[in-house]
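This briefing is meant for a reader who is meeting the structure for the first time. Please keep the sequence and the model at hand while going through the points below.

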Amino acid sequence: KSGILAPLAWTLCLIFMTAIFTIPLGVSTALYLEEFASDNLLNKIIKINVSNLAGVPSIIYGLLGLAFFTYTLSLGKSLLAGALTMTLLVLPIVIIASQEAIRTIQPSLKDAAYALGATKWEVSKRIILPHSIGGIMSGIILAMSRAIGETAPILIISSIVFITTVPSGPLDRFTVLPLQIYTWASFPKDDFRAIASTGIIVLLLILIVMNSIAVYVRFKTQD
């Protein structure tokens, strides 16, 4: 009942829901800012603020999520509120990584497509996204890796660190593996410390696998 199954399942569900919200919004925002947005003062301010948001401490996002998602939208201290909060946290990272990937595309490819009569949307769909998918995917994976290790926003949203049941719905109370590892390590019995050590190894393996996938995708697309 105190094993690693429940916190691991909650962590994977949180990352999966965060990815569902983050990937479409982050990639489409980056594509709009780089290819469709006009070069005016408003869009320049948006680009600067996106870069600044990537450096905001995670505890601020936790307080924002608690005020807006938990209380204003009445989602409670649920998995859905946690996923939306983590989306706010990693969204600037995905946008910046996607923008950098889009900027690496040679202008001659786009010019050739426009010369053949392609519209801006067709160029985005057939030239920009396929050629920048490697950088975009590596940025997404690295952003999800950061989300796995974050504890401060989740502690504020969930306010609970010890759960022994697996997820049954997006509105359930939840925890994540880093928080449960901390709880196990604080218990006096040696058995719980052994579980905490195992949890740290599992968390490290997950992060290593995700970062390895990001590196592989980048090198594979560069070839």
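Leaving aside its neighbours within four places in sequence, Ser98 is in contact (heavy atoms within 4.5 Å) with Val27, Ala30 and Ile136. The model is a predicted one, in which local features need pLDDT of at least 70 and side-chain atom pairs count only at pLDDT 80 or more, while totals for chains, interfaces and linings use all residues. Residues are numbered from 1 along each chain as its sequence is written, and side-chain values use heavy atoms, with hydrogens and water left out.

**Helix 4 and helix 6**

- Two packed helices are described by the angle between their axes and the distance between the axes.
- Helix 4 covers residues 79–103 and helix 6 covers residues 120–149, and the two pack at an angle of about 150° with their axes 8 Å apart; helices here are DSSP runs (H or I, at least four residues), numbered from the N terminus.
- The axes are lines fitted to C-alpha atoms over the stretch in contact, and angles run from 0 to 180 degrees between N-to-C directions.
- Helix 4 and helix 6 are therefore roughly antiparallel to each other, a term that applies to angles over 145 degrees.
- Residues of helix 4 that meet helix 6 include Met86, Leu89, Ile93, Ser98 and Ala101, while those on the helix 6 side include Ile128, Ser132, Gly135, Ile136 and Arg146.
- By class, this contact of helix 4 with helix 6 has 14 nonpolar, 4 polar and 1 charged residues, where Ala, Val, Leu, Ile, Met, Phe, Trp, Tyr, Cys and Pro count as nonpolar, Asp, Glu, Lys and Arg as charged, and the others, Gly among them, as polar.

- Ser98 is found in helix 4 and is buried, with a relative accessible area of 0%, buried meaning under 20% relative accessible area with a 1.4 Å probe and protein chains only.
- Ala101 also belongs to helix 4 and counts as buried at 7% relative accessibility.

**Thr11 in helix 1**

- Thr11 is found in helix 1, which spans residues 5–36, and Thr11 is buried, with a relative accessible area of 3%.
- A polar atom of the Thr11 side chain lies 2.8 Å from the backbone oxygen of Pro7.
- Beyond residues up to four places away in sequence, Thr11 touches Ile148, Thr175, Val176 and Leu177.

How values were computed: Parallel < 35°, antiparallel > 145°, perpendicular 65-115°, else oblique. Buried < 20%, exposed > 50% of the residue type's maximum accessible area, 1.4 Å probe, protein only. Polar contact = N/O pair within 3.5 Å; in protein donor to acceptor, adjacent residues only side chain to side chain.
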